[in-house]
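Hi,

Here is the structure I promised to send over. Have a look at it first, and then read my notes below.

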Amino acid sequence: MTAASESVTRYRAFISYSHVDKKWGDWLHKALETYRVPKGLVGQPSRTGPVPKRLYPIFRDREELPTATSLGEQIEQALEHSDYLIVICSPRSAKSMWVNEEILQFKRLGRSDRILAIIVDGEPNASDKPGMEAQECFPPALRFELGEDGELTGMRTEPIAADARKGKDGHQAAKLKLIAGLIGVKYDALAQREKRRNRIQKTSAVILAIIASTAVTGLWYYGEMNRKLEERERLLGESLRLAELSTKEREGGSHDRAMLLALNALPGLYGGERPLSLRAKAALEWSAHTPMQQARLAHEDGLFFSAFSPDGTQVVTAGFDNTAAIWDVVSGDRSVRLELDGPVVYAVFSPDGKRVVTASSDETGAVWDAASGKRLAKLAHDGIVWHAAFSPDGALIVTTSKDNTAVIWDGHSGERLSSLIHDDGVVHAEFSPDGTRVVTASDDHTAAIWDAATGERLASLGHQRGVLHASFSPNGRWVVTSSKDRTAAFWDATSGDQLSSLDHDDWVMHAEFSPDGTRVIIASRDNTAAIWDVYDATPGTWWRYLVHEEPVVQAGFSPDGKKAVTASEDGTAVIWHVVSGERLATLTHEDRLSSAAFSPDGTRVVTASEDKTAAIWSVAGGDRRTVLTFGRMLPMDDAMDHALFSQDGTRVVTASEGSTAVIWDVTTGEPLAELLHDGKVWHAEFSLDGDRIVTASSDETGAVWDAASGKRLANLDHDGIVWHAAFSPDGALIVTASEDNTAVIWDAVTGERIAKLEHESRVWYAAFSLEGTQVVTSSADGTAAIWDAVSGEYLGSLAHEDVVYYAVFSPDGTRVVTASQDSTAAIWDVASSGRLAILAHSGPVSRAAFSPDGTQVVTAASDNTAIIWSATNGARGRQFSHEAPVVEAAFSPDGTRILTASEDAMAIIWDAVSGERVSELVHERPVYQAEFSPDGTRVVTAAVYSRVVIWNTPPHAAEVLRNVFSYLPKNRTCLTPEERERYSLPPLSAEQWIARRCPQFARNIGSTVDGGVQTHFGDSGD
């Protein structure tokens, strides 16, 4: 879970109302969130803190609550984090059990004195008047006090109520009374300020009218500017509201809706002439950096199953609505609809993709032409048909049924060839990889292996309860079974001998082998999936546990075996990294899932849900992470904690707690070469041309290596630990920094020592200037020093009051920035060694870096912050906060983003201008290193005693807006009319619907279009 999802929004107020009074709820929500508090009141103290500029956000539940006995978790959480409760009072709300329950819940939080009411209909306390009971507008929880037991007493209370009815306060006065209560000021004071504000506006209008006789143009200009300013403020308020909603939808897993809300919050095709909101910009970048739903495939009822065609261009779905359907993967269009006489439990393509076989509760299997939808054969049973499968060559079909049989059929004619008989219903069957055998799973407590040609039973595999699934290994030598007896079992497919058994805490629903046969993944009703190493199948030994919040019903591997997907009744499918067990992506539905599977090329996943839809997800771009592993669990002392990209971004080199540096392919995550030392490797980096690598090690050496072969080219010997090593920009020289109080400049080709640079204590770091003519070193003796890179001549000292951890040149080589234990960073003039600016933190500064253009510096410190500073005068800029020390901070190559690494187990990408979080890179342990790739499209992170991870960075908002339709699902390019109403967005014209590629909503609509404006990221409104 990310820090963003753990943090909870604080609401100014929670609006409670009967959904019959939705129009009143819409009016009040918009009126409060768009209200601008008079300037004279802003900042004054109130019971909830300083009076804000805006009453934002306001929580309003727009959906009917489910028919349950308690409030939902979202509602309870919103009530707990709301400063006030506003009750819209009417005879409808007085009778609403949910409004009453929300009031009770708020009172139980000890906030009875923070409940405000607005009467819109009916009569207060009418239940006390005989014959008028139906007109009561106050719910019981509003009329009576709460006892110590948390239940209502008979003691009356008088609610604080504004009255919006005609002849009473009216809309405007009632609104102001509520606002006065919310900001903690007297109504008269607020009303007077409102009158004054209106009077000033009217006076201004009168004065301008007088001037108009001689300055009509000026009057028009003033009025127009005032109108535009007010409209801009209104639009900005809406943008902030939509950005907040986008964030909530993204955190809830509705990535497509999150992106559409963010688009509507920004200027352009979707948002029209809105001012730029940096929060909306950040929301769009967040939403674009998630697995995107490519298409949603709708049935009229829940779905049992979905599967790709062998070429990955189509999907077949099986539903409760008595239909199966074939869909185009790219467009999401349905090409064929297959109608049956009962719910379709299963459907799958033939190996050549030309046929589909279905299994149905109408007691039949059926074979269909995948192009025309014509039924080719009927496969009749005497009970529900649970499953159907083709043989590898497509010549045979096996079906399983509640009638206690599996039947093998001719895959073309539908002729029954043999019956495989159990003593109870048969729920699953599949062919061996060579097609010569069939394995069946039955409720009679057995699985069985059969000869596919003769129907002869070859082996019985016994469990204590019904067997739910059985599957062959890719080589056909083994079978894995899953059972209601809470075990998965591993069997010899020839002898039928059980080789191993592994226990779960509930039914084991599904089990299957990885494509290479080395692992098995198992799904269980105990809310977990587990990965089992076939070659270490000792009882009770799991390789990885993958945890959901509800039962896991299916699990499978990607075609390359590196990832797994699980489907759960918690409404999610999750993509996992097989070796590390890391959660790579979460794919969310609105009801429990029944299946999930990768496409044949591994770039997509299809999910099927009881929410009446299947969904196709693009996971190639949405898979944010590549975890670098050897395909095996590494011992703790081999964990990698340092990583850097090659200049072309195609490789990464890592340094480990063990004695190796490793070169990795960025795209595949595969290791390319291992570079062996005799001690811990502290640092490793590529030469600028990518041909060589230099390493620094505890074995008191630096070393130069061929990056292609991994061959050691030269040793760079010290008399102590070598902490750091770096190439000169032209690759001709290397500088090393050592525990022996020296830095040494070496010939990078021969390994010959050129110059020795001496300090009075250990040298932590050394770096060349961009021209390669100078070197800067940082030392535990409290100084950094500048040296001539050729002669080794000492040029100047940069003194701190404590250890200097880090020093680096500016891009133009005229300045150096240092980071020190003395809680400061400093900017220095290289020519004079004079200090230009002190950058003060409240804790040791571990890192400092210039922006690519040299105008700014970012620092990272143990006071839990990173800060941007002016590189010219040291003026303090944006601050970026973590929950633990920040150990690294750097600019992106284009200077628009900041990357921080922290001991709070987070690396975070920030917008350098707005300070907004663009992406959170969550780890399980402290993150000690993070770096952008040279093109800025990736980030590599290393956490202590953990894996190195390569992350895809989010696209910039401008890029998303320029290519918006390439980011959105093909059949999900706009919010529906219902969604627009739910989020208080205005209706669209026919032309606007068409411009958003949603012609289905354009019927019978007028033709006024707002056009849409091109977005420019300049001045922002927040």
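Predicted model: local features only at pLDDT ≥ 70, side-chain atom pairs only at ≥ 80, totals over all residues.

A quick definition before anything else: helices (H or I, at least four residues) and strands (E, at least two) are DSSP runs, numbered from the N terminus.

Residues are numbered from 1 along each chain as its sequence is written, and side-chain values use heavy atoms, with hydrogens and water left out.

Of its 1022 residues, 58% count as buried (under 20% relative accessible area; exposed is over 50%, partly exposed in between; 1.4 Å probe, protein chains only). Taking contacts (heavy atoms within 4.5 Å) between residues at least 6 apart in sequence, 47% join residues at least 24 apart.

Back to helix 7. It has 14 residues and reaches 20 Å from first C-alpha to last, close to the 20 Å expected at 1.5 Å a residue (the expected span is 1.5 Å times one less than the number of residues). Helix 7 is largely enclosed by the rest of the structure, because 10 of its 14 residues are buried; among them are Gly170, Ala173, Leu176 and Ile183.

Its partner to look at is helix 2. The axes of helix 2 (residues 22-33) and helix 7 (residues 170-183) come within 11 Å and cross at roughly 55°. Axes here are lines fitted to C-alpha atoms, for helices over the stretch in contact, and angles run from 0 to 180 degrees between N-to-C directions. The two helices are therefore oblique to each other (under 35 degrees is roughly parallel, over 145 roughly antiparallel, 65 to 115 roughly perpendicular, the rest oblique). Trp24, Trp27, Leu28, Ala31 and Leu32 in helix 2 meet His171, Lys175, Leu178, Ile179 and Leu182 in helix 7.

One more spot: Phe349, in strand 13 (residues 344-349). Phe349 is buried, with a relative accessible area of 6%. Beyond its neighbours within four places in sequence, its contacts include Phe308, Pro310, Val316, Ile326, Arg355 and Phe390. Asp369 is 20 residues from Phe349 in sequence, and their C-alpha atoms are 9.9 Å apart.

Cheers
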